[in-house]
Amino acid sequence: MKYIDHNIPEEILNIPAEQFELVERENIKDEKFKTEPIGFFKDAMRRMGKSKPTMISLYIIVAIIIAALIVPLFTGYKYDEQNVSFKNLPPKIPGIEKLGIADGSRVLTNRKASSLEDPDRFPEGCIIEIVNEYEYKGTPVVDVKVDYYKYLGVPEDQYHWFGTDYLGRDLMTRLFRGTRISLLIAFFSVITNVIIGVIYGAISGYYGGKVDMLMTHFAEVLDGLPYIVMTILFMILLGPGMFSIILALCVTGWIGTSRLIRAQFYRFKGREYVLAARTLGVKDITLIFRHILPNTVGPLITRAMIAIPGAIFSESFLAYIGLGISPPEPSIGILLADGQNVLLQYPNQTLFPAILISLLMIAFNLFANGLRDALDPSQRGEE
Amino acid sequence: MFKYILGRFGAMLLTLFLVMTLSFWIIRLMPMSIFEHPDVHPTIQKMLEEQMHLDKPMYMQYYYFIEGIITEGDFGTSVKIRPGMSAFEIIESRIPPTVLLNVVSLLFSIPMGIIVGTIAALKRGKWIDTLISFLIVICISVPSFVFASLLQYTFTFKLPWFPTLYDSAAGSFAAMMHSLTLPIIALALNPIATIARYLRGELIETLSSEYLLLARTKGLTRAQATVRHAFRNSLVPIANTIIPLITGVMGGSLVVEKMFAVPGMGGQLIDSILAGDHFLTVALLIFYSAISLCTVLIIDISYGIIDPRIRIGGRKE
C-alpha cells in the first residue's frame, strides 16, 4: 500500500471498518429538487394544455367518441330497425319542441283546401297553421304546416331527435353508429399505414445504399399513381366492406410516413451513441427499434393525427361514389350520400351528418396542429 | 431545360403505363366472368369472350389490352351501361365538362388564395387576420361535397339565385358558367384556404426578414417592398402545395359533378361502378389518371421555367 500523505499516523490509516459509524442515516441533508423533472412528453403535454384551440378540439373529439360509443345504446332504436310507414320524419326533440324548432312540423305544399276537413287525410289536431292560400285551375289550394308526427299517426311519446330516413330508421342512432364505424376505419387505416411506413422507412433509412435506392424508387413510382384511382381500383377488387376500405386506404397511404421515418433514420443513424451501441454488439433490429426509432415518435404521432381526418374524408368519398361499406351498416359517408338524394325535400337528413363530419374534421385538424406545435416547437406556425 | 421536360414526360408515361397495367390485372383478377348471366346463352357468351380475347391466356389478354390502347385508342367496350359502345366514345363527350370544371376551379382558387393570404399576412394580428385564419381552418377541414350540399340547398332552394343542376343545354357560355358557379365555388374553397394558409406563413416570415428591412431603409414604401421583394420569394414554393391540390380537386369533382348533374366523367364513373361495368370503369380511371398527371406535368414544367433550382435539383420536398 502506498499513501500519498505520509504525515498521517499509521494507526489512523488502519482503523478497522466496523469502527466507522454513520453520523446521519435518517436525514440526508442533500437539497431536494423543488421542481419535478420534466421529460419530453410531459413538456409537450404542458405546452399543449396552454393552447386553447387544441384543448377545445380535444374535448370535442373526446365528446364525439363517447357519443359514438353510448348514444346508439340509449336512443331506444336499432340502426337497422325499419318502419316504412314512419319514413322521412322531421326532427323532434323533447324540450326544445316547445320553442318551435325541432318540433316535428313540416309544411305540406299544394294540398286541396277541401281535403283539410277530411280526418282520414289530416287527423285531428295535426294542422298547425295554413301558410299560403291560392287557387289553381279554380280549385282552392293551400300550403299547410302540420305536426308531421300526428299527421302520420306516430305514437305521442315517440321522438326521433334527428328524424328518420327513407326506410323509417332513426337517424340519430344511425348517425352515431356511423360515426363509430367511420372512426374505426380511420383509426385502423392510420395505424396500419404507420406500421407499414415505419417498417419500410426504417429498413430503407437504416441500411441505405442499394436497398434504400430500390425502396425509395419503388415508393416514388407508387406515389406517382393518382391516389383516388388506386383506392377505387382496390375497392372494386376487394368488394364493399369495412375491411376493404381499410386496406384500400393503405395502398399508398403509408408512403408519407415511410419518407418521414427514412429521413429521421438518416439523421440519427450516424450519431455516436448508435456507433457505441453497435460497437457493444447490439443487433440491427435492436438498434432500429430501441435506439433510433424513439427519436421519431414526435413527428410520427403528429403525422398520424393529421392522417385521421384524411381517412374520414376518404371513407365518405368512397361512400358517395358507391363503394362504401355494405348496408344496412351506416357510416357518415353513407348517411351523407343518402341525404344528398333528398337534400331539397328533407334537408335534415344531410344537415346532421354534415355538421358532425365538419366538426370532427375541424377538431382533428386543429388538434393535430396543436400537437405538432407542442411536440416540435421549432416548427411552430409552419404548415 | 429540354432534358428536364423530357424526364418529367417520361415519368408521366411510365406512371400511366403502370395505371393501365394495374387496372388490367385488378379487373381480370376478379373471380366471375363478365358475361356470365342466366339469360345469356353459353354459345353467345363464348362468342363474346372470344371477341374480347377473354379465352386467351392472361398474358395474351394483357398484350391485346395494351396494344389496343396504344395503336387504336381502344379502351375496351362498355358491357352494361351502353352495351357494345366503345368506352372511348362514351368518355369523349364527357371530358370537356370535367376539364372545364377542374381547371376553372383551380385557376380561380390560385389568385383568390394569394389575395386572401396576402391580406391575412399584412394585417397580421388584427381582427381580419383572425377571421381569415378561422375561415381557413373551416375551409381546409370541411370536405368539398359537404360545401356542395350546403351551397346547393342555400343558393338554389332557399335563395334561388343559381340553377340547382348544371344546364347543359344553356344557350350561351355565360348561362353555362352561371350554372357551374356553385360547383366551382364548392371545389375552390379548399384550394383557396390551403394556398392562403401557406402564403400567409411564408409572407409573415419574409416580412420580418432582413432584406425587407433593407428595402424599406432604401426608401421603398411598404407596398413597394412587399410586392417587389417579399411577394416573389413567397410565391415560388407554392408549387409544392398546388400539386397535391390537383388530386384533391379532381377527387372532389367526382362527387360534386354527380351532385350538380354535370355530364362529366365523375357522374359516369359513379354510374359505371354501381352498374359493375368494369371495362368502362377502367377506361374512365385511365383517362382520369391521364388528366391529373397532365395537370401535374404542366405545373411541374412551368415551375421549372420559373425557378431554375427546381429544374436542376429535381422537385424534392
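So, A:Asp223: with a relative accessibility of 37%, this residue counts as partly exposed. Keep in mind that we're looking at a predicted model. A:Asp223 has a partner, A:Arg259, and their side chains meet in a salt bridge, 3.0 Å from N to O. That pair links distant parts of the chain, because A:Asp223 sits in helix H6 of chain A and A:Arg259 in helix H9 of chain A, 36 residues apart. A:Arg259 is partly exposed too, at 36%.

Now, what does A:Arg262 form a salt bridge with? The partner is A:Asp212, and the closest N and O atoms are 2.7 Å apart. Here A:Arg262 belongs to helix H9 (residues 255-268) and A:Asp212 to helix H6 (residues 209-224), both in chain A, so this bridge ties together parts 50 residues apart in sequence. Is A:Asp212 buried or exposed? Buried, at 5% relative accessibility, whereas A:Arg262 is partly exposed at 25%.

Okay, another pair: A:Arg372 and A:Asp373 make a salt bridge at 3.5 Å, N to O. A:Arg372 is buried at 10%, and A:Asp373 is buried as well, at 19%. Over all chains, the count comes to 10 salt bridges.

Let's hop over to chain B. B:Lys123, B:Lys126, B:Arg216 and B:Arg222 form a positive surface patch. One of them, B:Arg216, is in helix H9 (residues 210-217) of chain B and is partly exposed at 41%.

Last, confidence. Chain A averages a pLDDT of 83, with 96% of residues scoring at least 70. In that chain, helix H5 (residues 171-207) has the highest mean, 92, and helix H1 (residues 10-13) the lowest, 75.

Notes
Residues are numbered from 1 along each chain as its sequence is written. Chains are lettered from A and ligands numbered from 1 in the order in which they are written. This is a predicted model: local features need pLDDT of at least 70, side-chain atom pairs count only at pLDDT 80 or more; totals for chains, interfaces and linings use all residues. Side-chain values use heavy atoms; hydrogens and water are left out. Patches are made of residues with over 30% relative accessible area and no salt bridge: like charges are joined within 9 Å, nonpolar side chains (Val, Leu, Ile, Met, Phe, Trp, Tyr) within 5 Å. Accessible areas come from the Shrake-Rupley method with a 1.4 Å probe; for residues, only the protein chains shown count as cover. A salt bridge is a side-chain nitrogen of Lys or Arg within 4 Å of a carboxyl oxygen of Asp or Glu. Lys and Arg count as positive and Asp and Glu as negative; His and the chain ends are not counted. The place of a charge is taken as NZ of Lys, CZ of Arg, CG of Asp or CD of Glu. Helices (H or I, at least four residues) and strands (E, at least two) are DSSP runs, numbered from the N terminus. Buried means under 20% relative accessible area, exposed over 50%, partly exposed in between (1.4 Å probe, protein chains only). pLDDT is the predictor's confidence in each residue, from 0 to 100.
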